[in-house]
2 protein chains.
Amino acid sequence: MAAQNKTMSALKLYPDPLELRFESVPVPEITHPDDAIVKVLLAGLCGSDLHAYRGLEPFDTPYTTGHELVGIVVGLGESFRNAAAGRPELYSTLKVGDKVVSPFTSSCGECRIGFTARCDHSLLFGSPRLPGAQAQYIRVPHAGGTLFRIPQDDNILGSEPVARIRTSDASLILLADILPTGYFAALQAIQHPNLAYAFARKTFPVIPSFVNAFVTGGESVKVQESDAKLVFAVVGLGPVGLCALISLVELLGLSGTSNFAIVAVDPNGARRTKAEEILSALGSTPGGVIRVVSLEDAPGVSKDLSGGLGCDAVLEIVGNNSALQLAYELIRPFGVISSVGVHTHPQFPLNGDALYSKNVSLAFGRCPVRSIFPYCIELLMSRQDIFSVGGAAGLIEKIVPFDEDSVKEAYRMFNEGKCGKVLFRMASD
Amino acid sequence: MAAQNKTMSALKLYPDPLELRFESVPVPEITHPDDAIVKVLLAGLCGSDLHAYRGLEPFDTPYTTGHELVGIVVGLGESFRNAAAGRPELYSTLKVGDKVVSPFTSSCGECRIGFTARCDHSLLFGSPRLPGAQAQYIRVPHAGGTLFRIPQDDNILGSEPVARIRTSDASLILLADILPTGYFAALQAIQHPNLAYAFARKTFPVIPSFVNAFVTGGESVKVQESDAKLVFAVVGLGPVGLCALISLVELLGLSGTSNFAIVAVDPNGARRTKAEEILSALGSTPGGVIRVVSLEDAPGVSKDLSGGLGCDAVLEIVGNNSALQLAYELIRPFGVISSVGVHTHPQFPLNGDALYSKNVSLAFGRCPVRSIFPYCIELLMSRQDIFSVGGAAGLIEKIVPFDEDSVKEAYRMFNEGKCGKVLFRMASD
């Protein structure tokens, strides 16, 4: 391996709050046959990097930060030369020189069930247990299960001819966390059985085709167009919320549904403006109505757009109790709350009576990024105006060099809310 | 209408705790064109009748009790003679003389979405706002949307020849509440997208066919037989819990899955014995393993049967915080808690961090009984040994005459936990 016995630059976090050090450390080596070593091209700075930076997640041993990267494979363990039958496909196909992105956690991928965010072998990059991506090189455990290879040919989909679109490395980094997480928030709502009445135009329950249950005769009741309007709310329009909004519009477009409404909610005017810019870039949504509103306006607009019933589903992206309470207020009976925010409040704001009385369904938790990659990549490619650096609709604010002054300045500004999404570009070695 | 201007016997509840009066009251009359008058054959005594009886639900005006009935239509409003186009089918087809059951709530049925338990026009039978079924006659509002007609020909399913099975009126009363509620608890688990990996043998997410979403090439990963084992728990083996267990076994059988396990949990030894009797009557479940266990044994058995992962879904039938906490303990990451119990505790026992950390999905609430009827009727007919009066596996303990001494005795015994499910047989007038 070319990079062995060398040193590299890495950003390390120390136990005292705000103590970051830009250090020279050994380039990581393969320590297990399933490992890959990846040369980092770009690393992202994410809101969750700030928790430990602020001292909110105490730890003892300094570690390399970061969990978003796009890079090039420079070293592969023995498993990639002698892949056993039945192992994840990349053990047979991944090569040195391939461009890859990684989810923010590792996962073994052996069981194929796809709940990768909660794999027993899962580790978080940029944590005391696994060095992170804000470095020139990174070791990826269970790399055949963890990594996603970026196809480099013109036709990324393999089946139909598509326009030649070059995806920027900067956009690819959004695959590490925020685009799949937003997509997952939308998908958990869209695919929920309580919304099937509108897509299938059949009375609840719409038994999924994967369960061969019986239905007695004379009861295949049609839901009429006028009753099949789906109303959604997206609560929180930060970067993940915007990805959720974009994904929801995309999924509804693909579903062929034109009878829908979306209420996008944030108290912050600048975020609402950004959301409007992105919706404008997305273009028309035939038949659908999308409104970007403040917290105060959300309940009234939701009622208006749903004929007084409330929303079929709320995508709760914020991760606090007031967002959950708003979501509960907005949903209709039998509504779905899809929550991808990290909740830390010790008390839940809804009790069993509230959930029972409105027949609420909740879907909570961390996105299984590795499983969502294949669903996001075309969306990412087709919207390079949005998943890009700068511009009115661009989700990434800027790219700065990976040097001591630039990264410390970026952390400080980001921590103070003075800049948006920042990426670090690694120096070539 | 034959019964007009006559009086009938009715059981009325008065505001003082335990004050029941057996009275002679006017036979109800049609007050709206959508009404039906039903002559009650059998009425059920349900656990939720006891809440008001015990004084736990204060009220001012005495009312006729009961929300479970099977009966014969004796009067129909004008809507049944001149049904407008697009109205629920029964407005065109229901006749005087038809045998019917009713859900425990009315629902208009006009929207066809099927969330009937939370219809805006829904009223609970046997409440201050709507006289109940423990009477010789009952008025059913929105009757074309509310009632379910019991087919009286030999072939209840209409399509395939089935064995001639005469359903008993006693068994039909289980359709009013407990069988659909148990079935709904099972269905909410079975049809959840987080269980689709096992039925469809595909990596999560399995996009439902009603959403025409795309999947990029090269990622249609198969889930192997060894990873596709579904493990369920049913927490609470009272009458509804037993119906949930029976429904779950039925649905898994229909799905063709043989790679499953069910852990049936109750602290009460007599209830566990009843569950064992019913499982014995149900017969073999090819490939499936079913264990009936105590609270203490539930976590260990669940782990053993799931290779240490925990349950894919828990059917929580009890409706209290300790049952919810046990459900949380039993599920695997990305597991589903289907809860149909009535929860009254002011504090929820799980917080956002707990739900996030295990990627929990919850489905809460009251069964939309009217929408579940068509799925239950064949199950009811095919298992008359279980959905019957008496016997080791019978879900109904006894039928007593609807007279003052018998009904008061039944309430007292039921309230003291000294008898199981009791039905009242109405005198012919």
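The model is predicted, so local features need pLDDT of at least 70, and side-chain atom pairs count only at pLDDT 80 or more. Residues are numbered from 1 along each chain as its sequence is written.

Let's start in chain A. Two packed helices are described by the angle between their axes and the distance between the axes. Helix H5(A) (residues 178-190) and helix H12(A) (residues 369-382) have axes that come within 9 Å and cross at roughly 95°. That makes H5(A) roughly perpendicular to H12(A) (the word covers angles of 65 to 115 degrees). In this contact (heavy atoms within 4.5 Å), H5(A) contributes residues including Tyr183(A) and Phe184(A), and H12(A) contributes residues including Phe373(A) and Leu379(A). The residues of this contact divide into 12 nonpolar, no polar and no charged (Ala, Val, Leu, Ile, Met, Phe, Trp, Tyr, Cys and Pro count as nonpolar, Asp, Glu, Lys and Arg as charged, and the others, Gly among them, as polar).

Now move to chain B. Helix H9(B) (residues 298-305) packs against helix H10(B) (residues 321-330) at an angle of about 25°, with the axes 10 Å apart. H9(B) and H10(B) are therefore roughly parallel to each other (angles under 35 degrees). Ala298(B), Pro299(B) and Ser302(B) of H9(B) meet Leu326(B), Glu329(B) and Leu330(B) of H10(B). Here the residues divide into four nonpolar, one polar and one charged.

Finally, return to chain A and find strand E5(A) (residues 69-76). Seven of its eight residues are buried (under 20% relative accessible area), so E5(A) is largely enclosed by the rest of the structure. Seven bridges join E5(A) to E3(A), and these strands run antiparallel.

Terms used:
Chains are lettered from A and ligands numbered from 1 in the order in which they are written. Side-chain values use heavy atoms; hydrogens and water are left out. Axes are lines fitted to C-alpha atoms, for helices over the stretch in contact, and angles run from 0 to 180 degrees between N-to-C directions. Helices (H or I, at least four residues) and strands (E, at least two) are DSSP runs, numbered from the N terminus. Angles under 35 degrees count as roughly parallel, over 145 as roughly antiparallel, 65 to 115 as roughly perpendicular and the rest as oblique. Buried means under 20% relative accessible area, exposed over 50%, partly exposed in between (1.4 Å probe, protein chains only). Two strands pair if DSSP finds at least two bridges between them.
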